[in-house]
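Subject: Structure handover and notes

Dear colleague,

Please find the structure below, followed by my notes on what was found in it.

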Amino acid sequence: MTIASPNDAPPLTRSTRLFYGTGLMASGIKTSAFSTYLLLFFNQVMGVPATIVSTAIALTLVVDAVVDPTIGRWSDRTRSRWGRRHPFLFAAAVPAGLFFTITWFPPDGLSDFAMGVWVFGMASLTRACMSLYEIPSSALGAELTNDYAERTRIFALRFWFGYIGAFGFGAFCLYFFFVATPEYPRGQLNPAGYTWFAITGGVLIALAVLTSAFGTRNRIPYLRQVRDREEKLSLMGHLREMADAFTHKPFMAIFGYSIFKQTAIGLYTATTLYFGTYVFELSAGQLAILVTENLVAATLATPLAPKLAEWFGKRNAAMSMGLIGICIGVMPLILTLFGLFFPPGHPLLVPTLFVVGAVYHAMIATSLMNSSGMIADTVEDHAVKSGRHNAGVFFSVNSFTTQCAVGLGILLAGLVLDASAFPQDANPLGVSQAIKNSLIMHYVPATVGLWLVGSLLLLFYPITEASHRANLEKLKSREAEANAQAVRDGAIGGAGR
């Protein structure tokens with residue numbers, strides 16, 4: 001039979017690109033909520049020790065390590081009238097939103113250990129359902145187009161929606177749910193605010209996934225399908241094919257880079273409210289203003305990422321933007337450590353943090369957008385060498401490393417907080433300057449070091465635009481030969497009947 005390929009598809013419409021991108025709003029909401037608020041809520045609001053919460057979240061990586069590649073492989077091998085990817089998108093929407101909401105409503109009377117078990121169980125279920133969407137959806141992006149430059153544009157737009165989900169939702173909640181009261185002058189510590197926070201987040205997650213699924217279903221006839229008689233493999237056969245990805249040099253380079261960068265991002269998002277609340281002593285309204293700088297950053301990065309990829313290549317753009325961005329991002333903390341930054345309450349504090357944050361996040365977003373395009377390009381490079389087009393398996397790794405932002409990042413955040421002797425259920429105005437300085441001194445080397453090691457690993461990623469185009473030509477030639485052979489086999493079979 002003829003195998004569908006992006007080579008045969010009509011050009012993507014603007015509406016299809018937009019609908020595809022909207023789905024990442026769900027991932028943005030979940031990742032931001034888990035990375036930024038989950039540790040704060042259970043540690044500072046519920047009073048559970050940081051090490052218990054961070055360890056519980058980190059242990060979900062064990063579940064991710066099994067679930068994510070399984071979903072990727074399952075998606076690669078699925079054949080249905082809805083194609084390989086869309087059945088998973090439709091199946092994931094409601095469960096993902098439901099489990100997200102339930103996470104924030106632990107039963108009364110649980111011990112600290114039982115609270116850790118609750119966090120582990122609910123976070124694992126939420127993340128598994130989100131992986132059911134994220135992995136096939138990311139693989140879908142690689143199959144919507146083969147074009148080197150257009151892929152960067154698609155993933156840039158997708159990340160823009162992810163930032164809208166993460167930081168638009170965060171700013172909305174800080175303005176409307178985490179309102180300061182006489183009892184809770186820092187509204188982000190008010191338990192009542194988390195009720196509507198959880199419900200709204202769950203509903204928006206489900207709606208975003210369904211919007212993306214319905215909005216891209218018109219492309220199903222043009223997406224790559226498996227053959228009618230896909231070879232049946234044993235469990236060991238599946239495992240061997242999945243493990244084969246880890247022998248692919250470009251894949252291993254982007255995998256190592258992703259692990260370190262996402263852990264650094266997770267560390268940042270898990271501690272940013274601590275710095276804002278306790279070091280800079282910001283109110284929920286001021287924090288909401290700072291959250292909106294992420295939207296400015298994403299809007300700047302969306303057109304910038306494809307341009308930098310065109311000028312310098314995706315790898316160089318991802319490396320340089322990540323390293324320069326993190327150095328800019330930690331400057332307010334370093335200056336605060338030496339008493340050279342604006343003190344809490346200074347009229348220039350929030351505007352300066354806004355500008356620095358916008359530049360930092362624009363650079364980090366540009367790095368993320370380009371590295372996602374690099375994963376898509378790795379799919380064809382591996383297909384040339386192996387004969388298998390396993391986008392689901394490759395993007396399951398992207399999903400896993402993103403989960404590392406929540407898992408390893410929060411674990412590292414818990415260790416940083418403990419090493420700094422940071423108290424749980426702390427009074428925002430009662431944390432000593434010595435503890436604040438200790439927090440900064442433990443955080444800055446950890447986050448800069450993670451970005452540096454990850455970028456060095458990316459030096460081993462060899463795919464360029466020229467090599468990608470050569471891979472596409474080889475695959476196109478093979479597909480034409482396979483389709484011609486299928487026609488000949490069909491003719492011989494028909495003549496023999």
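Does Thr126 count as buried or exposed, and why? Thr126 counts as buried because its relative accessibility is 0%, where buried means under 20% relative accessible area, exposed over 50% and partly exposed in between, with a 1.4 Å probe and protein chains only.

This is a predicted model, in which local features need pLDDT of at least 70 and side-chain atom pairs count only at pLDDT 80 or more, while totals for chains, interfaces and linings use all residues. Residues are numbered from 1 along each chain as its sequence is written, and side-chain values use heavy atoms, with hydrogens and water left out.

Thr126 lies in helix H5, helices being DSSP runs of H or I with at least four residues, numbered from the N terminus. Leaving aside residues up to four places away in sequence, Thr126 touches Lys30, Phe34, Ala96, Phe99, Phe100 and Thr103, a contact being heavy atoms within 4.5 Å. The side chains of Thr126 and Thr103 also make a polar contact at 3.5 Å (a pair of N or O atoms within 3.5 Å; within protein, one must be able to donate a hydrogen and the other to accept it, and residues adjacent in sequence count only if both atoms are side-chain atoms).

Thr103 is among the buried residues of helix H4, as are Ala96 and Phe100, and the buried residues of H4 pack against helices H2 (24–45), H3 (50–77), H5 (112–144) and H7 (193–215). H4 itself covers residues 86–103, and a kink of about 35 degrees lies at Ala92, shortly before the proline Pro95, the bend being the angle between axes fitted to the seven residues ending there and the seven starting there.

Best regards

Methods. Helix = DSSP H or I, 4+ residues; strand = E, 2+ residues; numbered from the N terminus. Expected span 1.5 Å × (residues − 1).
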